[in-house]
Amino acid sequence: MVKPCVGCSVHILMNDRVTLKLEVGQVVYIPGAADIRNSTDNSETETAKAMSKEDKILAYIGENGSVSMQKVVEICNYKSRTGARKLIDKMMKAGLIQKVGERNNTLYKIIK
């Protein structure tokens, strides 16, 4: 027996099988279904979440040689440059990084 869904092209059969006919871009939430979109190895993202903001910045500088203020905003998910500026100032006072350049050409590097 088929029960038509009003306003959509979904048909639910009595044996709990669902047939979906969707347009491109439509999303259907199915309670209890496994989310396999991000089923790859999540150990790297878990490590990134566990790292402090200072560690994230130091790791980025280690890989790329330097970091800009805008990149600090992106890496640490700040909504404005104010939080990133405070973090950079804190790291400079702690002797972890140094400022190189001025104004739009400012970069921050690890002190060797």
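Asn77 is placed in the loop between α3 and α4, where helices (H or I, at least four residues) and strands (E, at least two) are DSSP runs numbered from the N terminus. At 63% relative accessibility, Asn77 counts as exposed, a class that begins over 50% relative accessible area, while buried means under 20% and partly exposed lies in between (1.4 Å probe, protein chains only). The phi of Asn77 is near 55°, which is a positive value in a residue other than glycine.

The structure is a predicted model, in which local features need pLDDT of at least 70 and side-chain atom pairs count only at pLDDT 80 or more, whereas totals for chains, interfaces and linings use all residues. Residues are numbered from 1 along each chain as its sequence is written, and side-chain values use heavy atoms, with hydrogens and water left out.

## Overall layout

The protein has four helices and five strands, and from the N terminus on its elements follow the order β-β-β-α-α-α-α-β-β. Of the 112 residues in the protein, buried residues make up 18%. Contact means heavy atoms within 4.5 Å, and among contacts between residues at least 6 apart in sequence, 25% join residues at least 24 apart.

## Helices α2 and α4

Two packed helices are described by the angle between their axes and the distance between the axes. The axes of helix α2 (residues 53-64) and helix α4 (residues 81-93) come within 11 Å and cross at roughly 75°; here axes are lines fitted to C-alpha atoms, for helices over the stretch in contact, and angles run from 0 to 180 degrees between N-to-C directions. The two helices α2 and α4 are therefore roughly perpendicular to each other, given that angles of 65 to 115 degrees count as roughly perpendicular, those under 35 as roughly parallel, those over 145 as roughly antiparallel and the rest as oblique. On the α2 side the contact is made by Lys53, Glu54, Ile57 and Leu58, and on the α4 side by Leu87, Lys90 and Met91. Sorted by class, this contact of α2 with α4 has four nonpolar, no polar and three charged residues, where Ala, Val, Leu, Ile, Met, Phe, Trp, Tyr, Cys and Pro count as nonpolar, Asp, Glu, Lys and Arg as charged, and the others, Gly among them, as polar.

Glu54 lies in helix α2 and, at 18% relative accessibility, counts as buried. When residues up to four places away in sequence are not counted, Glu54 touches Leu87, Lys90 and Met91.

## The nonpolar core

A nonpolar core is a set of buried Ala, Val, Leu, Ile, Met, Phe, Trp, Tyr and Cys residues joined through side-chain atoms within 4.5 Å. The largest such core has 14 residues, and those with the most contacts inside it are Ile57, Val67 and Val72. The elements that give two or more residues to this core are α2, α3 (69-75) and α4.

Ile57, which lies in helix α2, counts as buried at 0% relative accessibility. Apart from residues up to four places away in sequence, Ile57 touches Val67, Val72, Ile75, Cys76, Leu87 and Met91. The C-alpha atoms of Ile57 and Val67 are separated by 7.6 Å, although these residues are ten residues apart along the chain. Val72, with its neighbours within four places in sequence left aside, is in contact with Ile57, Val67, Tyr78, Ala84, Leu87 and Ile88.

## The hairpin and its surroundings

Strand β4 (residues 97-100) and strand β5 (residues 107-110) run antiparallel and are joined by four bridges; two strands pair if DSSP finds at least two bridges between them. β4 and β5 form a hairpin with six residues between them, and Gly101 in the turn has a positive phi of about 95°. Across the pair, Val100 stands opposite Leu107 in β5, and Gln98 stands opposite Lys109 in β5. Arg103 is placed in the loop between β4 and β5, and its phi, near 50°, is a positive value in a residue other than glycine. Most residues other than glycine have a negative phi.

Ser66, found in the loop between α2 and α3, is in contact with Tyr60, Ile61, Leu107, Tyr108 and Lys109 when its neighbours within four places in sequence are left aside. Asn64 is found in helix α2, and its C-alpha atom is separated by 9.6 Å from that of Lys109, 45 residues apart along the chain.

| Residue | Relative accessibility | Class |
|---|---|---|
| Ser66 | 16% | buried |
| Asn64 | 44% | partly exposed |
| Arg103 | 77% | exposed |
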